[in-house]
Amino acid sequence: RVRADADRAAHALTAEVRPVFVLAGARRVTVVAAPRGVRVLTDADVPGLGRGGGVLKPADVEALYAAARDRGTWVGV
């Protein structure tokens, strides 16, 4: 489901979207077999996501944010 949601968002936003599954409130996560192409994290790991590269310019962030908030973006996706 996480991969499908990321694919849907990537299509709607015309931007690269990577699937991440975050376990809120978990102190530690041990993943025996990670789902293919999905990062599994705790909420404590979320602040470190920015270190993965792919920095957007402020104008691009604003445009992406506006598109994500627009309900019309998600109709028919």
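Helices here are DSSP runs of H or I with at least four residues, strands are runs of E with at least two, and both are numbered from the N terminus. With that in hand, the elements of the protein read α-β-β-α from the N terminus on, which comes to two helices and two strands. The model is a predicted one, with local features needing pLDDT of at least 70 and side-chain atom pairs counting only at pLDDT 80 or more, while totals for chains, interfaces and linings use all residues. Residues are numbered from 1 along each chain as its sequence is written, and side-chain values use heavy atoms, leaving out hydrogens and water.

As for overall dimensions, the C-alpha trace spans about 40 × 30 × 20 Å along its principal axes. Burial was scored by relative accessible area (buried is under 20%, exposed is over 50%, partly exposed is in between; 1.4 Å probe, protein chains only). On that scale, 12% of the 77 residues are buried. The protein exposes about 6300 Å², and carbon and sulfur atoms supply 54% of that area; accessible areas come from the Shrake-Rupley method with a 1.4 Å probe, and for residues only the protein chains shown count as cover. Contacts (heavy atoms within 4.5 Å) were also sorted by sequence separation: of those between residues at least 6 apart, 31% join residues at least 24 apart.

One of the buried residues is T42, at 5% relative accessibility. T42 sits in strand 2, and, with neighbours within four places in sequence set aside, its contacts are V22, L23, A26, R28 and V29.

V22 turns up again at the surface, where V22, V46 and L49 make a nonpolar patch with about 180 Å² of accessible area together. Patches are built from residues with over 30% relative accessible area and no salt bridge, joining like charges within 9 Å and nonpolar side chains (Val, Leu, Ile, Met, Phe, Trp, Tyr) within 5 Å. L49 belongs to the loop between strand 2 (39-42) and helix 2 (58-69), and at 31% relative accessible area L49 is partly exposed.

On the charged side, the protein carries 12 positive and 8 negative side chains, and the centres of the two sets are 6 Å apart. Lys and Arg were taken as positive and Asp and Glu as negative, without His or the chain ends; each charge was placed at NZ of Lys, CZ of Arg, CG of Asp or CD of Glu. Two salt bridges are present, a salt bridge being a side-chain nitrogen of Lys or Arg within 4 Å of a carboxyl oxygen of Asp or Glu. One pairs D5 with R1 at 3.3 Å, N to O; D5 is partly exposed at 34% relative accessibility, whereas R1 is exposed at 77%. The other pairs E16 with R18 at 3.0 Å, N to O, and both E16 and R18 are exposed.

Most residues other than glycine have a negative phi. T14 lies in the loop between helix 1 (2-13) and strand 1 (20-23) and is exposed, at 72% relative accessibility.

Towards the other end of the chain, R71 falls in the segment after helix 2 and is likewise exposed, at 74% relative accessibility.
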